[in-house]
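Please take a look at the model shown here. A brief report on its layout comes after it.

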Amino acid sequence: MKTLGFIGLGKMGSSMALRAIRMGMSVVGYNRSKERVQHLKNKIELLSSIREVCNRADVIIVMVSDDKADEDVTIGNRGIFDNIKSGRVVIDSSTISPSLSRKLTDKLRRKRATRIEMPVMGGPSLALRGELVAIIGADRTKYEENLDIIKIFANRIFYAGGAGSALMLKLALNFLIAAYAEAIAEGLSFVKKAGLDPMLLIQILNATAYKTAFSETKAINMVKENFEPTFYLKHMAKDLNIASITAYEIEAFMPALSTLKEIYRGACNSGLADLDYSAVAKFLAELNSSKR
Ligand SMILES: NC(=O)c1ccc[n+]([C@@H]2O[C@H](COP(=O)([O-])OP(=O)(O)OC[C@H]3O[C@@H](n4cnc5c(N)ncnc54)[C@H](OP(=O)(O)O)[C@@H]3O)[C@@H](O)[C@H]2O)c1
């Protein structure tokens, strides 16, 4: 049986690791901060370095926050590049810059290791159930060779092309989601300012063809001011920033993206970074309540 080695046991990494254990896989994991994974110690075999993960795992799954984190664990001092054995596979599900992903893939190729870019759609609870939507940016043959592992985590899988391509799609998807959440947040502020019950807006929306999984869950939480995070607002702000830089690089004109990036950044800077991204509603509500 193949051993899977997780690097990054945050909300998503830990859920994916627990899913793999439920599916009967042999799993080891590493997290930079030991104190954050104490609650996992009876469930996942925790290792104390990336080197140990590279020694034990046939397939390494990386699920870290951002570009800096991924550079640190992949090509940083005592990272994957320094320790990986020839022929091993790295599946990287972090949402990072497409350009960085291409660079990391090229680097690992020099060690005769395969890197599969696999950004995912869906949060921790879908990860636990193996119901993520995976987008693949990798050599097609290598992707097909590792399909058994990918299917542990995802029940819908889309092949996009080579390294960078899956992340381009992921950034476009997160832009859509950020726009949708922000639009609902603005609608709620508008209705509230008009002296009406904001829940009525969501109830009416959900009675129409425009209802979505978001409008049936997180939009209701927006009204109830429940911003318990499944996807951190700071990560949405990070994704919009990457999307904006990438749009500039590929000369895509995306005027709404610039505005959204500033709104989510403003929300982060006003102390909401560690709440759910739906707390963009709290940011707008606070701005509206301070205006006359
Ligand atoms: N949550 C979702 O619904 C969701 C869905 C799809 C994609 N994503 C993406 O998946 C990735 C992980 O998200 P998450 O929700 O699991 O985030 P998270 O809970 O914040 O976990 C982030 C992980 O990255 C690690 N990390 C950060 N900086 C590091 C560094 N310099 N070196 C080593 N490790 C570092 C953290 O370790 P420490 O504990 O030591 O800080 C932690 O294990 C992000 O790119 C996010 O955009 C999230």
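## Domains

This is a predicted model. The protein chain is assigned two domains: domain 1 spans 3-162 and domain 2 spans 168-290. Their centres, taken over C-alpha atoms, are 28 Å apart. Each side brings 11 residues to the contact between domain 1 and domain 2. On the domain 1 side, the residues touching domain 2 are 6 nonpolar, 4 polar and 1 charged.

## Ligand shell

The ligand is surrounded by 27 residues. Gly10, Met12, Arg32, Ser33 and Ala69 are the closest. By class, the shell holds 10 nonpolar, 11 polar and 6 charged residues.

Both domains take part: domain 1 and domain 2 each give at least three residues to the shell. Helix 1 (11-22), helix 3 (67-75) and helix 13 (233-249) each contribute at least two. Helix 3 gives the most, with 4 residues.

## Positive phi outside glycine

Arg112 is not a glycine, yet its phi is positive, near 55°. Arg112 sits in the loop that links helix 5 (98-109) to strand 6 (114-117). Arg112 counts as exposed because 11 other C-beta atoms lie within 10 Å, and the cut-off for exposed is 12 or fewer.

Glu251 also has a positive phi without being a glycine, at about 60°. Glu251 belongs to the loop between helix 13 and helix 14 (255-272). Helix 13 is also one of the helices that supply the ligand shell. Glu251 has 6 C-beta neighbours inside 10 Å, so Glu251 is exposed.

Key:
Residues numbered from 1 in each chain as written. Predicted model: local features only at pLDDT ≥ 70, side-chain atom pairs only at ≥ 80, totals over all residues. Domains from an automatic or database assignment. Contact = placed C-beta atoms within 7 Å. Nonpolar A, V, L, I, M, F, W, Y, C, P; charged D, E, K, R; others polar. Near = placed C-beta within 6 Å. Buried ≥ 20, exposed ≤ 12 C-beta atoms within 10 Å, placed from the backbone.
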